[in-house]
Amino acid sequence: MNPNEARANMTGGRGKRGVPEGLWIRCPQCKATIFRKEAEVRLNVCPECEHHFYLPARERIRQLLDEESFEEWFTELRPCDPLGFKDRVPYAERLQAEQAKTGMADAAVVGRGFIRGRPVVFGVTDFAFMAGSMGSVVGEKLTRAAEEATRLQLPLIFVSGSGGGARMQEGILSLMQMAKVSAALGRYDQAGGLYISILTNPTMGGVAASFALQGDITLAEPKALIGFAGKRTIMQTVRLELPEGFQTSEFLFQHGFVDRIVARKDLRTELARVIDYCEH
Ligand SMILES: [Zn+2]
């Protein structure tokens, strides 16, 4: 997804003249202009067409976990800039700007909480922070979360919302995270753990190519964009017409990659049900 387009979707774009910015949002799916408050009471879902808008990590935690039950872990982890990388702006400056914008140290939040009374280890990646890309901090947090879930023998739930995979500004250190998280998930699996992966819009690149598609159970929100490379890149490589609806939750569900598509309002109940089914 084009980051600017995605950002416009999640902020709702510019307000109309005379109306405070952000009071109204334009739905990218049905193009209706909707009252932001109305979407918010419906968990950030369009009241006209059920389009699922972007959700910040904190809001996701609030929606899925029992009230006040979330205990955040590893908040001391901070990204660094080992390469002194610079593209349009130096990576160090970019990090500061992203941190100021989102109030997050990096793109992932992990910890422990309860879902309808069931204890879980929970992690979420946030698209708002550098498109949710997996730098060292994201990889390290998810790895430690999987290790803690192994040690505590708790179900593990990751919610992915990442438009990219590796964070190129961290070079090879970023690429290594895919293997590291995968290895931790492998050990968790051998210990008999239950890992539920929830795919949200968008789940792409190295995130899709590692932890997001390694769930024992894979759930997806409706019409999420899910894939590895972008559509244009694939078309240029294989030079074939791609099928209709390619890289959507519905397409992947039809082809067996996704176990169930779950509307946001049903996600919490569905998670509790899956945990009960697998643990008893
Ligand atoms: Zn809509």
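Residues are numbered from 1 along each chain as its sequence is written, and side-chain values use heavy atoms, with hydrogens and water left out. In this predicted model, local features need pLDDT of at least 70 and side-chain atom pairs count only at pLDDT 80 or more, whereas totals for chains, interfaces and linings use all residues.

Five aromatic pairs are present in the structure, a pair being two rings of Phe, Tyr or Trp (its six-membered ring) with centres within 6.5 Å; planes under 30 degrees apart count as stacked, over 60 as edge-to-face and the rest as tilted. One of these pairs joins Phe158 to Tyr195 in an edge-to-face arrangement, with 5.5 Å centre to centre and 70° between the planes. Distant parts of the chain are linked by this pair, since Phe158 belongs to strand S6 (residues 156-162) and Tyr195 to strand S7 (residues 195-203), 37 residues apart. Strands (E, at least two residues) and helices (H or I, at least four) are DSSP runs, numbered from the N terminus. Phe158 is buried, at a relative accessible area of 0%, and Tyr195 is likewise buried, at 2%; the classes are buried under 20% relative accessible area, exposed over 50% and partly exposed in between (1.4 Å probe, protein chains only). Together with Phe211, Phe158 and Tyr195 form one aromatic cluster.

A further ring contact involves a charged side chain. The charged end of Arg144 sits over the ring of Phe74, 5.1 Å from its centre, under the criterion that NZ of Lys or CZ of Arg lies within 6 Å of the ring centre and within 35 degrees of the ring normal. Arg144 also takes part in a salt-bridge network with Glu76, Glu140 and Lys180, in which the bridges share partners.

In total, 19 salt bridges were counted, each defined as a side-chain nitrogen of Lys or Arg within 4 Å of a carboxyl oxygen of Asp or Glu. Among them, Arg151 pairs with Glu148, with 2.8 Å between the closest N and O atoms. Both residues lie in helix H5 (residues 136-152), and because they are three residues apart, about one helical turn separates Arg151 from Glu148. Arg151 is exposed, at 58% relative accessibility. In the salt bridge between Arg260 and Glu270, the closest N and O atoms are 2.5 Å apart. This pair links distant parts of the chain, from strand S9 (residues 260-261), which holds Arg260, to helix H10 (residues 267-279), which holds Glu270, ten residues apart. Arg260 is partly exposed at 45% relative accessibility, whereas Glu270 is buried at 5%. Lys265 and Asp266 form another salt bridge, with the closest N and O atoms 3.3 Å apart; Lys265 is exposed at 60% and Asp266 partly exposed at 33%.

Ile172 lies in helix H6 (residues 171-190) and is exposed, with a relative accessible area of 58%.

The count of disulfides is zero, the criterion being a pair of cysteine sulfur atoms within 2.5 Å. Cys27 is buried, with a relative accessible area of 0%, while Cys30 is partly exposed, at 31%.
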